[in-house]
Amino acid sequence: MSRSSDTVGIVGAGSFGVALAAMLARAGREPLLWAQREDVAKQINDERRCQSFPEQKLPASVRAVTDVQEFADSARFLIVAVSSETVRSRLRILGT
């Protein structure tokens with residue numbers, strides 16, 4: 001696990017969040033995605049892929065978690081990459 005000073009937390013493991021994580025990883029950062037669904041996190045971590053971009057292999061430093069506490073404890077910076085319809089509920093969960 002990386003130090004929190006190196007980790008960029010991305011709220012949302014959809015197409016925008018995953019694309020952003022891949023770009024950050026290629027730039028030398030350590031992105032951590034917060035996914036709501038365990039199957040999404042497992043696919044990212046185990047297969048290095050996501051549903052939005054099935055043909056693209058994700059860099060090894062991209063990780064995904066579903067545990068909000070682990071996510072909050074691991075990331076120094078946060079980027080919100082969810083739809084405007086879900087941003088309030090996601091941030092409410094993160095704030096607890």
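Student: In what order do the 4 strands of the open sheet come?

Tutor: This is a predicted model, where local features need pLDDT of at least 70, side-chain atom pairs count only at pLDDT 80 or more, and totals for chains, interfaces and linings use all residues. Residues are numbered from 1 along each chain as its sequence is written, and side-chain values use heavy atoms, with hydrogens and water left out. Strands here are DSSP E runs of at least two residues, helices are H or I runs of at least four, both numbered from the N terminus, and two strands pair if DSSP finds at least two bridges between them. The pairing is parallel, and the order is 3-2-1-4.

Student: Why is one side of strand 3 and of strand 4 left without a neighbour in the sheet?

Tutor: Strand 3 (63-65) and strand 4 (77-80) are at the edges. So the reason is that each has a single partner strand.

Student: Which residue in strand 4 is the bridge partner of Gly9?

Tutor: Strand 1 (residues 7-11) pairs with strand 4 in the parallel sense over 4 bridges. For Gly9, the partner is Leu78.

Student: Is Val62 buried or exposed?

Tutor: Val62 sits in the loop between helix 2 (38-47) and strand 3. Buried means under 20% relative accessible area, exposed over 50%, and partly exposed in between, using a 1.4 Å probe and protein chains only. Val62 has a relative accessible area of 0%, so it's buried.

Student: And how far apart are the C-alpha atoms of Val62 and Val18?

Tutor: Along the chain, Val62 and Val18 are 44 residues apart.
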